Amino acid sequence: MINKKLQDELVELDERPALESRSVMSERAVQGIPLAIEAVIGRARLTVSQISKLHPDDTIHLDRDFGDPVELKVNGMVIGRGEIVYDESSNAVGIKIIDISPIAQR
């Protein structure tokens, strides 16, 4: 018959690989979670009255100058900055990364 201490050590050894593989699987699962990235070009503060008076062709002035970097956000948190770029071949707008947060690089 195995004594209690030896039995506990054997159980601990048996569980280690399972815990490690679960950790790797959990990391892979987390890495596959899709996130929405927002590119914020600027902000404006308007009253309800001002918004209710907006019409097509009106202009809302933002708090940034043309050519300033845009903020890249995930879940409301800024993860970097970038420049707006245009790909003529695919007629698409994109963001060229200028700066990325160390948190986002993990």
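Methionine 77 is partly exposed, with a relative accessible area of 42%, where buried denotes under 20% relative accessible area, exposed over 50%, and partly exposed the range in between (1.4 Å probe, protein chains only). Methionine 77 belongs to strand β3. Its C-alpha lies 9.7 Å from that of glutamate 38, although 39 residues separate methionine 77 and glutamate 38 in sequence. The model is a predicted one, in which local features need pLDDT of at least 70 and side-chain atom pairs count only at pLDDT 80 or more, whereas totals for chains, interfaces and linings use all residues. Residues are numbered from 1 along each chain as its sequence is written, and side-chain values use heavy atoms, with hydrogens and water left out.

The protein comprises two helices and four strands, defined as DSSP runs numbered from the N terminus (helices: H or I, at least four residues; strands: E, at least two). The order of these elements from the N terminus is α-β-α-β-β-β. Of the 106 residues of the protein, 10% count as buried.

Three salt bridges are present in the structure, a salt bridge being a side-chain nitrogen of Lys or Arg within 4 Å of a carboxyl oxygen of Asp or Glu. In one of them, arginine 43 is paired with glutamate 71, and the closest N and O atoms are 2.7 Å apart. This pair links distant parts of the chain, 28 residues apart: arginine 43 is in the loop between β1 (37-40) and α2 (48-52), and glutamate 71 is in strand β2 (residues 70-74). Arginine 43 is partly exposed at a relative accessible area of 35%, whereas glutamate 71 counts as buried at 16% relative accessibility. Glutamate 71 also forms a salt bridge with arginine 64, with an N to O distance of 3.4 Å. Arginine 64 is partly exposed, its relative accessible area being 22%.

A further salt bridge joins the side chains of arginine 81 and aspartate 99 (4.0 Å, N to O). Here too the pair links distant parts of the chain, with arginine 81 in strand β3 and aspartate 99 in strand β4, 18 residues apart. Arginine 81 is partly exposed, with a relative accessible area of 35%, and aspartate 99 counts as partly exposed at 39% relative accessibility. Through shared partners, salt bridges join Arg43, Arg64 and Glu71 into one network.

A pocket is here an open set of points on a 1 Å grid over the protein atoms alone, where a 1.4 Å probe fits, with protein on both sides within 12 Å along at least five of seven lines; lining residues have an atom within 4 Å of a point. The volume of the second largest pocket is about 240 Å³, taken as the space filled by probe spheres set on the points, which are joined across faces, edges and corners. Its lining contains six nonpolar, one polar and four charged residues. In this classification, Ala, Val, Leu, Ile, Met, Phe, Trp, Tyr, Cys and Pro count as nonpolar, Asp, Glu, Lys and Arg as charged, and the others, Gly among them, as polar.

A nonpolar patch on the surface is formed by Ile41, Leu46, Ile51, Leu54, Ile60, Leu62, Ile84, Tyr86, Val93, Ile95 and Ile97, with about 980 Å² of accessible area together. The elements contributing two or more residues to the nonpolar patch are β3 (77-87) and β4 (92-100), and the largest share, three residues, comes from β4. Patches consist of residues with over 30% relative accessible area and no salt bridge, nonpolar side chains (Val, Leu, Ile, Met, Phe, Trp, Tyr) being joined within 5 Å and like charges within 9 Å. Accessible areas come from the Shrake-Rupley method with a 1.4 Å probe, and for residues only the protein chains shown count as cover. Isoleucine 95 is located in strand β4 and is partly exposed, with a relative accessible area of 30%.

Most residues other than glycine have a negative phi. Aspartate 57, in contrast, has a positive phi near 80°. Aspartate 57 lies in the loop between α2 and β2 and is exposed, with a relative accessible area of 80%. Asparagine 75 likewise has a positive phi, of about 50°, although it is not a glycine. Asparagine 75 is found in the loop between β2 and β3 and is exposed at a relative accessible area of 71%.
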